[in-house]
Amino acid sequence: MQDWLWMGAGALGRGIAQGEIDAEDLCDTYLAAIDASPHRDDIFSAVTRDRARAEAGAAAKRAKRGLRRGPLDGVPISWKDLFDSAGVATESGSALLRGRVPRDDAAVLAAATAGGSVCLGKTHMSELAFSGLGLNPITATPPNVHDAKLVPGGSSSGAAASVAFGLSAMGVGSDTGGSVRNPSAWNDLVGLKTTLYRIPCTGAVPLVETMDTIGPLCRSVEDAALSLALLEGGTPADLKGATMQGKRLLVLADYTETSRDAPRAALNHALERFQDVGAQIEHAEIQPVADAMDLTPLLFAPEAYAIWRDKIEAAPHLMFPNILERFRQGRDVPASDVLDAQRKRAAAQDAYLKATAGYDAVLLPTSAILPPDRQRLLDDTDYYTAENLMALRNTRVGNVLGLCGLTLPTGVPMCGVMALAPPMQEERLLRLGAAMEEALT
């Protein structure tokens, strides 16, 4: 049964369907692993044992009757602590929301429950989701699977750690500037950033509503495809026969060249594998990317501060000072500047799509850096600020330009390769991702 902890979500679902795995035994195996883990309290903010056992029991009965609701019926998953869960604290990693207990599940949790998934509990995260590092001295900082002295990536830090440490089959996170993809890369997982509004954020604690997206952190591209279908109540992408032969891939040259040595070398390693199986690789700089990224100071902090201003200013002493400072960077920005930036952002998005229309995907290192040392981040505010910006620099391209994105492990620890595709093209991106994954493994 211990082998179950390291199987993919899709494989576990097939085991349940074939009668080789009992959903109740699977749930109990995960709950026992969580209880035995020395990292339990640093990964999970709440473990929903009664709910998990009840859902697993129902899934086991459906399996015996041949009435399974989908390929992940009975599979245990974890949820970032910004998704409302009925009767369980949902605090978004912040003391500002301490004691907040919603009455209803978030729409995405309700959809996943309707699909038969088993909710193991809630996972720790960066405070109010406003950091790509995963450091949270207010609640907890989950460990990086490679080295507990390093941060795990954020803001879906606990979601990544729950999968990487074998404590859930898949984690559900959110991605506003890289918060699914960054922790996935730093913990050698697959992470999918979905298109804005594809999965409803109803019942999810917001950060920047014009950027917030929902996505899975998991072990394989197959799991990402199955998870997307689960989270939106749809049909999984067909990954059969996926190939890289003849695919045109554009590497963002400036973002790759200015990434640090290890991520850059890992991407080059991946590109060699892709060329070996028939992909065509080109390198270029795309001006609309630069135009859009110049707008980021006007697109994130002002909206985030507008959403959280009243809560923050009522009790700023409750916040991690570095996160407080990030929010307050949006305090004095004129509304006219923000609206102008939104208009320019839309123009840059259109120009980007035209410039990249001939390519199957745009590639770059998922993160420009490796995970920093957590203690140094606590001790040095300037270091924290610089590393946080670099951690999210590459991933934010996808958010600002309204794209969907997929990160895959390269085989080099803590270094992911990210593929970006036009909005609502997740199925096509996942097919390409399946071929990339095969080339890399």
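This is a predicted model: local features need pLDDT of at least 70, side-chain atom pairs count only at pLDDT 80 or more; totals for chains, interfaces and linings use all residues.
Colleague: Which helix gives the most to the lining of the largest pocket?

Modeller: That pocket has a volume of about 260 Å³ and a lining of 15 residues. Three helices, α12 (296-299), α14 (321-328) and α17 (381-393), each supply at least two of the lining residues. The one that gives the most, with 5 residues, is α17.

Colleague: And how many nonpolar residues are in the lining of the second largest pocket?

Modeller: This pocket holds about 170 Å³ of space. Its lining has 15 residues, and among those nearest the centre are Cys201, Val205 and Asp212. Split by class, there are 3 polar and 2 charged residues, and the nonpolar count is 10.

Colleague: Switching to the backbone, which residues does the cis peptide bond join?

Modeller: Most peptide bonds are trans. Here omega is about 5 degrees, in a bond that involves Ser155. Ser155 sits in the loop between β3 (118-123) and α6 (157-164). The pair joined by the cis bond is Gly154 and Ser155.

Colleague: Is Leu128 buried or exposed?

Modeller: Leu128 is also found in the loop between β3 and α6, and its phi is positive, about 55 degrees, although it isn't a glycine. The cut-off for buried is under 20% relative accessible area. Leu128 has 1%, so it counts as buried.

Colleague: What about Met424, what is its relative accessibility?

Modeller: Met424 has a positive phi too, near 65 degrees. You'll find Met424 in the loop between β11 (416-421) and α19 (426-440). Met424 counts as partly exposed, because its relative accessibility is 46%.

Notes:
Residues are numbered from 1 along each chain as its sequence is written. Side-chain values use heavy atoms; hydrogens and water are left out. On a 1 Å grid over the protein atoms alone, a cavity is a set of points where a 1.4 Å probe fits but cannot get out, and a pocket is an open set with protein on both sides within 12 Å along at least five of seven lines; lining residues have an atom within 4 Å of a point. Grid points are joined across faces, edges and corners, and a volume is the space filled by probe spheres set on the points. Helices (H or I, at least four residues) and strands (E, at least two) are DSSP runs, numbered from the N terminus. Ala, Val, Leu, Ile, Met, Phe, Trp, Tyr, Cys and Pro count as nonpolar, Asp, Glu, Lys and Arg as charged, and the others, Gly among them, as polar. Buried means under 20% relative accessible area, exposed over 50%, partly exposed in between (1.4 Å probe, protein chains only).
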